Amino acid sequence: MLHRGHESTDGTGGGELAVPMAWLYAEYIADELLRTGDLMPPTSFEFRAGRDALALTVFLSDTDGELSGIRVISQLENWLALTAYDQPWRDWVRARMAERTERAAGSGAPCPDLALAADAWRWLEETELLAPDLDAVPGGGPVFGEDDGPKVWTPAWRLGLPLGHLAIHLF
């Protein structure tokens, strides 16, 4: 007789809680990259934006579901390319999320990783953060400090993506 709680360890029955290990691992990698870069306090919304943007990049670029510790180093160049300024990252995320959603619907099995990724994506798209206006015209007036320049409300992903890219670069 199996010990209570071990009747089904493959996640196919028994009503157990499915643990979103792929998403949690992607979030852990993103968190470590940002902490190593020491770009902003880990309690800030900017940090969260960077972590979520990086976690989505890591999670969605893992096509085989086999992201292991050793492969992280080999993926850094890929993540740098995906998060580069001139890349259509937002469109790439939307397409990959649609593919994953379709695949999950076809399998009929719950996908807690995808649910957390969708929550992160929703937060990145719907949340706006007050950030320096990077498109401001240079020489438009005297700016004395970092906090004195023009600010604009920016979608969290537009702020988090370059922060994530820089964190990968600094790693």
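Reader: So, what percentage of the 171 residues in the chain is buried?

Author: Buried residues make up 37% of the 171, where buried means under 20% relative accessible area, exposed over 50%, and partly exposed in between, with a 1.4 Å probe and protein chains only. This is a predicted model, so local features need pLDDT of at least 70 and side-chain atom pairs count only at pLDDT 80 or more, while totals for chains, interfaces and linings use all residues. Residues are numbered from 1 along each chain as its sequence is written, and side-chain values use heavy atoms, with hydrogens and water left out.

Reader: Good to know. How many helices and strands does the chain have?

Author: There are six helices and two strands, in the order α-α-α-α-α-β-β-α along the sequence. Helices (H or I, at least four residues) and strands (E, at least two) are DSSP runs, numbered from the N terminus.

Reader: Let's look at packing. At what angle do α1 and α2 pack?

Author: Helix α1 (residues 21–37) and helix α2 (residues 45–61) pack at about 130°, with their axes 8 Å apart. The axes are lines fitted to C-alpha atoms, for helices over the stretch in contact, and angles run from 0 to 180 degrees between N-to-C directions. α1 and α2 are therefore oblique to each other: under 35 degrees counts as roughly parallel, over 145 as roughly antiparallel, 65 to 115 as roughly perpendicular and the rest as oblique.

Reader: And what is in that contact, by class?

Author: The contact of α1 with α2 has 13 nonpolar, one polar and five charged residues. Here Ala, Val, Leu, Ile, Met, Phe, Trp, Tyr, Cys and Pro count as nonpolar, Asp, Glu, Lys and Arg as charged, and the others, Gly among them, as polar.

Reader: Is α2 largely enclosed or open?

Author: Largely enclosed by the rest of the structure, because 14 of its 17 residues are buried. The end C-alpha atoms of α2 are 24 Å apart, which agrees with the 24 Å its 17 residues should span at 1.5 Å a residue; that expected span is 1.5 Å times one less than the number of residues.

Reader: Nice. Moving on, how do the axes of α4 and α5 cross?

Author: The axes of α4 (residues 89–107) and α5 (residues 112–126) come within 11 Å and cross at roughly 150°, and the two helices are therefore roughly antiparallel. Nine nonpolar, one polar and four charged residues make up the contact of α4 with α5.

Reader: Last one: where does Pro150 lie?

Author: Pro150 is in the loop between β1 (128–132) and β2 (151–155), and it counts as partly exposed at 43% relative accessibility. Pro150 and Pro132 are 18 residues apart in sequence and 5.9 Å apart in space, C-alpha to C-alpha.
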